Every structure is written in structure tokens, then in C-alpha cells.
Amino acid sequence: MSVVIEARDVEFSFGQTPALRGASVSVDAGEILAIMGPSGSGKSTLLHCLAGILVPDSGEIIFDGARVHAMTETQRSSLRRDRFGFVFQFGQLVPELTAVENVALPLLLSGVHRKQALPKASAWFARLGLDGLEQRRSGELSGGQAQRVALARGLVAEPQVLFADEPTGALDSLTGEEVMDLLVGAAREQGTTVILVTHEARIAAYADREVMVRDGRVNAPDRIAS
Amino acid sequence: MSVPLTLLGLLEREPSHGYDLKRDYDAFFGRGKPLPFGQVYSTLSRLGRDGKVVISDVAPGSGPDRKRYIITDLGATEVEQWLTQPVDPEPHLQTVLFAKVVLALMLDRPADEYLDTQRSAHLHRMRELTEIKRDGSLVDALLADHGLYHLEADLRWIEMTGARLDALRKAVRP
Ligand SMILES: Nc1ncnc2c1ncn2[C@@H]1O[C@H](COP(=O)(O)OP(=O)(O)OP(=O)(O)O)[C@@H](O)[C@H]1O
Ligand SMILES: [Mg+2]
């Protein structure tokens with residue numbers, strides 16, 4: 001398996017607060033990786049550095065051979081738009097748009113015409129058990145439905161890497177596992193690499209492998225032979 | 001709960017009489033179920049027969065507690081292996097995990113590393129059960145879930161214990 005994205009010795013501080021102190025992790029193409037660890041340990045910060053949202057103070061982020069840490073803001077934002085997908089814990093749907101427009105958004109933003117984008121987005125509704133909800137606005141969806149819409153939006157542009165920060169954090173356990181089941185199924189089908197932040201072991205168990213973040217560093221457990 | 005391994009672990013701190021071992025076993029691991037003297041001595045004599053302990057010196061007089069026991073290299077290796085290997089992740093093994101953590105702290109070993117090893121063994125098993133759940137029937141899924149929730153409970157205990165190792169070390173190493 002080939003490495004698609006990696007962090008090498010990344011340090012990052014918010015002002016005086018160090019959040020990452022030499023974090024390294026590498027993720028294979030098509031792999032589903034869970035990032036676990038206590039609250040405040042630096043999981044989200046690591047995800048944001050990998051995704052080119054934050055720029056490390058030192059260290060490197062390499063995606064598909066490219067040096068993300070050295071890119072300009074414009075380069076990073078097109079990388080995020082064209083190659084990455086995102087799902088967060090809550091609040092990511094645009095309330096003024098319908099569910100199907102929300103899903104189509106990444107396609108529209110990368111210049112796909114509405115005529116192609118909307119049918120492509122609609123196709124995800126049946127796939128994720130959301131039939132009939134295409135025209136609802138986010139306020140008219142349950143938490144689990146909204147999260148599935150967000151998942152469809154994260155995957156619609158067939159990103160190389162999907163970044164998911166506590167995607168089931170606001171859901172009850174059954175709904176959360178349904179979302180994970182769909183996420184893993186869809187990611188495997190289209191060969192998407194997934195980087196999933198969670199502090200819940202039952203959610204991390206959907207991944208192929210887990211790493212622990214503690215005090216801004218990553219401890220990868222020895223892989224246990226099956 | 002493995003009595004022979006726990007006694008061996010206690011012996012690794014220092015050579016001891018059977019009486020000392022019983023006292024410490026009851027204090028840390030007995031939890032209202034004291035170890036009978038008979039079992040202490042039968043266990044020690046089996047450990048002696050298997051070459052894991054030897055008798056260091058025998059005080060004059062009679063009675064079983066004249067003997068002081070010393071752990072051998074073989075015995076120490078066995079304790080080391082037991083502590084280092086993760087326990088098969090099954091529900092209801094809290095007492096074994098607890099004994100390992102306390103002994104590791106008593107012996108000044110890396111208890112946090114044992115907990116990390118155990119965490120990844122648990123997560124590995126949880127991944128297998130999740131795979132069964134995703135591919136199997138509803139009955140398989142519900143059975144897998146039962147295992148998953150128990151393993152998750154163990155993991156939470158592992159997290160809490162990991163966060164309190166310093167305090168626990170002070171409690172078990174006067
Ligand atoms: N915007 C910010 N400004 C200042 N400090 C921040 C900011 N975001 C995070 N931090 C600090 O950086 C450290 C790491 O935070 P991070 O959000 O990466 O943790 P986390 O592991 O994702 O935690 P949680 O599980 O609670 O989401 C913490 O000490 C946190 O207080
Ligand atoms: Mg976070």
C-alpha cells in the first residue's frame with residue numbers, strides 16, 4: 001500500500017498554547033484511520049494541519065507527493081476544494097439551501113454546472129436512505145438525517161481523502177453507527193482514504209487502524225498480528 | 001485471577017515468607033476473599049517444583065513459615081511475559097487487568113505501556129466484532145454488539161486508570 005498523506009514531526013501552537021509537539025502519522029491510500037485520544041490532546045489540530053486548514057509552525061505535510069505546508073493559501077484552498085472532503089460534528093449545512101443543494105455544493109464550487117451537479121447529488125439520497133428529503137432545509141432534518149446529508153456532501157466530489165472530525169459526536173449510538181456504516185461502505189466503494197477523529201472506541205472500531213494522540217504527539221500502537 | 005502468577009509477581013519485589021505473601025495478596029487482590037494458607041503453601045511448593053521459586057533459607061524450629069522464598073530467573077521471565085502480553089479481550093477480565101496494573105506499579109514497570117498494549121488488543125477485537133456486525137445477520141450483529149459494549153466498558157476503565165496511574169502508584173508503593 002502506498003502512503004497518500006502524512007504529517008512529519010508537525011508542531012503547532014495557538015499563541016502560547018502548544019497543540020502539536022512533533023506529531024507524525026502516515027496514512028495509506030484507501031485506508032480508514034481513526035485518530036483517538038483525550039480531549040485537548042490535539043486531534044482536531046492534527047486533522048486541520050493534514051487537511052491544509054492550518055499551517056504547521058514546523059514540520060511537513062505531504063499529500064500525494066506535494067508539500068502542503070509550503071503551499072500558498074490559494075493553493076491550499078483549491079487542494080481542499082478539489083481533492084478533499086469534510087464532515088464535522090455539527091452545524092455544517094447551509095441553512096438557506098435545500099438538502100440536495102447542500103450536497104451539490106462542493107461540485108458547484110468546483111465549477112460543475114447545476115444541470116450535472118444536482119442529479120449527481122440526488123443519487124446520494126437513495127444510497128444513504130434519504131429518499132424524499134431532497135427539498136428539505138437543514139432545520140427540517142433530524143440530527144441523523146442532517147449528518148447523512150453532510151456525509152453525502154463530503155463524498156459527492158469523490159475526494160481522495162475524507163476528513164471527519166467526530167462525525168457521530170452529536171448522535172445517539174444507534175444513529176451514530178448507522179452513519180459510520182454508511183461512511184465506511186461508501187468510502188470503500190469509491191476507494192476514498194478516511195481520516196476520522198473520534199474518542200469513542202465503538203466508532204474507531206469501524207476504521208482499519210487507530211492511532212492515539214497524547215499531549216500533541218502520536219503514539220501508534222504496534223500493529224497486532226491477526 | 002491467577003494466584004500463582006500474582007504470588008510470583010509479589011515475590012519479585014523481594015524474597016518473602018508465605019505469610020507476607022498472603023498478607024499482601026489479601027490486602028491488594030483478595031477483596032474480601034482471603035487466600036487460605038493451605039493454598040499459599042501448595043502454590044509455593046508447585047512453583048518450587050517447577051523451578052520458578054527456590055527456598056533461600058530455613059529458620060530453625062518447625063512450621064511452614066520458616067521458609068523464605070526467592071523468585072528464580074525462570075519465574076521472573078514468566079511474570080515478565082504475563083505482564084507484557086495483553087490478556088485475550090473478553091468481557092469480565094477487569095480483575096486480571098487490575099492485578100496486572102497494580103503489580104506493574106509495585107515492580108516499577110511501565111504500567112502505562114501495558115495499558116496501551118491492552119487498549120490496542122481490545123480495539124483489535126472490537127474491529128473484528130464490528131466487521132462481523134457489518135457483514136452478518138441481525139442475530140450476529142446483536143451478539144457482536146453485546147461483546148462490543150463490554151469491551152468498551154473495559155476500555156473506559158483502561159482510560160480512567162491510565163489517567164490515575166500516579167495516584168495509584170502512591171497508593172500501592174508506600
Ligand atoms: N482556536 C484555538 N485557540 C486557542 N487554543 C486552541 C484553539 N483550538 C484548540 N486550542 C488548544 O489546542 C489544544 C489542542 O486542541 P484540539 O482542539 O486539537 O484538541 P482535541 O484533541 O481535538 O480535543 P477534543 O476531543 O476536546 O475535541 C488544546 O489545548 C486547546 O485548548
Ligand atoms: Mg476536537
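A:Arg209 counts as buried, at 12% relative accessibility, where buried means under 20% relative accessible area, exposed over 50% and partly exposed in between (1.4 Å probe, protein chains only). The model is predicted: local features need pLDDT of at least 70, side-chain atom pairs count only at pLDDT 80 or more, and totals for chains, interfaces and linings use all residues. Residues are numbered from 1 along each chain as its sequence is written, chains are lettered from A and ligands numbered from 1 in the order in which they are written, and side-chain values use heavy atoms, with hydrogens and water left out.

**Sites in chain A**

- A:Arg209 lies in strand β9 (residues 209–214) of chain A; helices (H or I, at least four residues) and strands (E, at least two) are DSSP runs, numbered from the N terminus.
- The side chain of A:Arg209 makes a polar contact with the side chain of A:Glu31 (2.7 Å). A polar contact is a pair of N or O atoms within 3.5 Å; within protein, one must be able to donate a hydrogen and the other to accept it, and residues adjacent in sequence count only if both atoms are side-chain atoms.
- A:Leu141 is found in the loop between α4 (114–127) and α5 (143–155) of chain A, and this residue is buried, with a relative accessible area of 12%.
- Leaving aside neighbours within four places in sequence, A:Leu141 is in contact with A:Leu93, A:Ala99, A:Leu133, A:Arg136, A:Ala146 and A:Val149, contact meaning heavy atoms within 4.5 Å.
- A:Leu141 and A:Ala99 are 42 residues apart along the chain, and their C-alpha atoms are separated by 8.8 Å.

**Organisation of chain B**

- Chain B has 8 helices and 3 strands, in the order α-β-α-α-β-β-α-α-α-α-α from the N terminus on.
- The C-alpha atoms of chain B fill a box of roughly 70 × 30 × 30 Å along the principal axes.
- Of the 174 residues in chain B, 43% are buried.
- Among contacts in chain B with a separation of 6 or more, 60% join residues 24 or more positions apart.

**Contact between chains B and A**

- Chain B contributes 15 residues to the contact and chain A contributes 23 residues.
- The two chains bury about 1600 Å² between them, 53% of it on carbon and sulfur atoms; buried area is the accessible area (1.4 Å probe) that two parts lose on being put together, summed over both.
- In chain B, B:Leu123, B:Arg127 and B:Arg134 lose the most area to chain A, together 36% of what that side buries.
- There are 5 salt bridges between chain B and chain A, each a side-chain nitrogen of Lys or Arg within 4 Å of a carboxyl oxygen of Asp or Glu.
- B:Arg127 forms a salt bridge with A:Glu210, with the closest N and O atoms 2.7 Å apart.
- On the side of chain B that touches chain A, α6 (111–135) and α7 (138–163) each supply at least two residues, and α6(B) gives the largest share, 11 residues.

**Aromatic groups**

- The structure holds 9 aromatic pairs over all chains; rings of Phe, Tyr and Trp (its six-membered ring) pair if their centres lie within 6.5 Å, and planes under 30 degrees apart count as stacked, over 60 as edge-to-face and the rest as tilted.
- B:Phe37 and B:Tyr41 form a stacked pair, 6.2 Å centre to centre with 10° between the planes.
- These residues, B:Phe37 and B:Tyr41, are 4 residues apart in helix α3 (residues 37–49) of chain B, so about one helical turn separates them.
- B:Phe37 is partly exposed, with a relative accessible area of 37%, whereas B:Tyr41 counts as buried at 15% relative accessibility.
- In chain A, A:Phe63, A:Phe84, A:Phe86, A:Phe88 and A:Phe163 form one aromatic cluster.
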